[in-house]
Amino acid sequence: MYIADTGNKRIVVTDAEGQFLYQWGAFGSDPGQFNEPVSVAVDSDGTVAVGDTWNGRIQYFAMGGDNKINPQPLNTWRINGWQAQTYDDPYVAIRGTKVIASVPKKNAISLTGADGNESLRWGGNGADT
C-alpha cells in the first residue's frame, strides 16, 4: 500500500496488513522531493505517479532492482492550474500508460502520457441549469 504522507512530505509503503516497509521523499522541490503530496497512484507494473501539489507537478517513479521504488523519478512534469498554498487538492490515477490528473481550480481533467505531454484536457467552468 502506498500512502501520501502529506504533512511529512513523503510517501510511505506498507504491506497488506499495514506494517511499515519503507518510505521515500522529503520536503523540497528537487526531483524525488515533495511539497504537499496528496495523491498517489500505482499501475499494474508497479510504476507510481505522485501528485506533488504545491510544487505543481506530477512525479513518475519506477520500481528499482531491490523491489522498492527508485526515489529518483523517471520523469516530472508540471500541471497547468495546480495552485500552491491552496487546499484545492488534485488527484491522480494511472490507466495503462496514461496519467489522469484532476485540476480542481480549472474544473478540468488532464490526460498525459508517462512523458508528461498532455494529450487531452476536458471540463472547465460551465453553467448547469
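Start by selecting asparagine 107, in the hairpin of strands S9 and S10: its phi is positive, near 50 degrees. Four residues sit between the two strands here. (Strands are DSSP runs of E, at least two residues, numbered from the N terminus.) Before you move on, know that you're looking at a predicted model, where local features need pLDDT of at least 70, side-chain atom pairs count only at pLDDT 80 or more, and totals for chains, interfaces and linings use all residues. Residues are numbered from 1 along each chain as its sequence is written, and side-chain values use heavy atoms, with hydrogens and water left out.

Now pick S9 (residues 98–103), which runs antiparallel to S10 and is joined to it by six bridges. Two strands pair if DSSP finds at least two bridges between them. Click alanine 101 and its bridge partner in S10, serine 110.

Next, select S10 itself, residues 108–113.

On to S11 (residues 118–123), an antiparallel partner of S10 over five bridges. Alanine 108 has glycine 123 as its bridge partner in S11. In the S10–S11 hairpin, stop at glycine 116, with a positive phi near 85 degrees.

Last stop: threonine 53, in the loop between S5 (48–52) and S6 (57–61). At 2% relative accessibility, threonine 53 is buried. Look for a polar atom of its side chain 3.0 Å from the backbone oxygen of glutamate 36.

Technical notes
Buried means under 20% relative accessible area, exposed over 50%, partly exposed in between (1.4 Å probe, protein chains only). A polar contact is a pair of N or O atoms within 3.5 Å; within protein, one must be able to donate a hydrogen and the other to accept it, and residues adjacent in sequence count only if both atoms are side-chain atoms.
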